[in-house]
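Please open the model in your viewer, with a selection panel ready, and follow the stops below in order.

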Amino acid sequence: MHLFPELQEGQEHMEENILWAEEFLKHHVYLVALIGLATFYGLERSVVSAKREQKKKDSRETEAPKGVFWVHIGSFALYNAVIGYILFQREEAPTQSVVLFTIAMALHFLVNDYSLQEHHKNKYRKYGQWVLVLALLVGWTVGYLQGVSETTVIILTAFIGGGVILNVLKEELPEERESRYWAFLLGAASYAILLLSL
């Protein structure tokens, strides 16, 4: 709910400020979001495939191989760093918008944390979670020390938005685990009411 209007505003900014965007790529911001979605989906598939291959070799092994772990954690570290950067850049936005974005991202990080722990078990608890926390702080610090153009922030937001959309579909609306439609509906309605009341 919060992301789609931002992508639309970003698209309008791109069309007004980048001359080639309107002619060359009518929906440039949405393509960047699609690239983000495809990138994170590819990483997720590589982890799942590597775990499957590892399990064929050793039926007791439930963690992804070490190299896959670091690629996966590295990509999520970049993801967290960009979100940290975007969080700092939002400090000039209305307080309500910053609070809503921060809450939404905090809940999203909890879901990602659970998923990564399921994939990587002890390696994630020992190293991964700390790398991701540090990446978030590094992103926020870079945002504090170095500003970039609004266009760059829009592109970063769109790329990360694609990853957020993938993770929401993959983790927050799971097919294989037991889920309750009424709980989903209640959460969606509550957030919609919150957004509409602001």
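Leaving aside its neighbours within four places in sequence, with which residues is methionine 105 in contact? Select methionine 105 and display what surrounds it: with those neighbours set aside, methionine 105 is in contact with Ile83 and Val164, where contact means heavy atoms within 4.5 Å.

Before going further, please note that this is a predicted model, in which local features need pLDDT of at least 70 and side-chain atom pairs count only at pLDDT 80 or more, while totals for chains, interfaces and linings use all residues. Residues are numbered from 1 along each chain as its sequence is written, and side-chain values use heavy atoms, with hydrogens and water left out.

**The whole chain**

Colour the protein by secondary structure, and you will find 7 helices and 0 strands, which read along the sequence as α-α-α-α-α-α-α. Helices (H or I, at least four residues) and strands (E, at least two) are DSSP runs, numbered from the N terminus. Buried residues make up 37% of the 198 residues in the protein; buried means under 20% relative accessible area, exposed over 50%, and partly exposed in between, computed with a 1.4 Å probe and protein chains only. Among contacts between residues at least 6 apart in sequence, 76% join residues at least 24 apart. The protein exposes about 12,100 Å², of which carbon and sulfur atoms supply 65%; accessible areas come from the Shrake-Rupley method with a 1.4 Å probe, and for residues only the protein chains shown count as cover.

**The core**

Next, select Tyr79, Ile83, Met105, Tyr124, Leu132 and Ile160, which touch the most other members among the 22 residues of the largest nonpolar core. The elements that give two or more residues to this core are helix 3, helix 4 (66-89), helix 5 and helix 6 (150-172), and helix 4 gives the most, with 10 residues. A nonpolar core is a set of buried Ala, Val, Leu, Ile, Met, Phe, Trp, Tyr and Cys residues joined through side-chain atoms within 4.5 Å. In soluble globular proteins, nonpolar side chains tend to be buried together.

Move to glutamate 44 in helix 3 (residues 28-57), which counts as buried because its relative accessibility is 7%. Leaving aside its neighbours within four places in sequence, glutamate 44 is in contact with His72, His119 and Lys170. Then select histidine 120, in helix 5 (residues 95-145), which is buried, with a relative accessible area of 0%. Show its side chain together with that of histidine 72, and you can trace the polar contact of 2.8 Å that joins the two; a polar contact is a pair of N or O atoms within 3.5 Å, where within protein one must be able to donate a hydrogen and the other to accept it, and residues adjacent in sequence count only if both atoms are side-chain atoms.

**Other stops in helix 5**

Lysine 121 is found in helix 5 and has a positive phi of about 50° although it is not a glycine. Most residues other than glycine have a negative phi. Lysine 121 counts as partly exposed, because its relative accessibility is 23%.

Tryptophan 140 also has its place in helix 5 and, at 37% relative accessibility, counts as partly exposed. Draw a distance from tryptophan 140 to tyrosine 85: the two are 55 residues apart in sequence and 4.5 Å apart in space, C-alpha to C-alpha.
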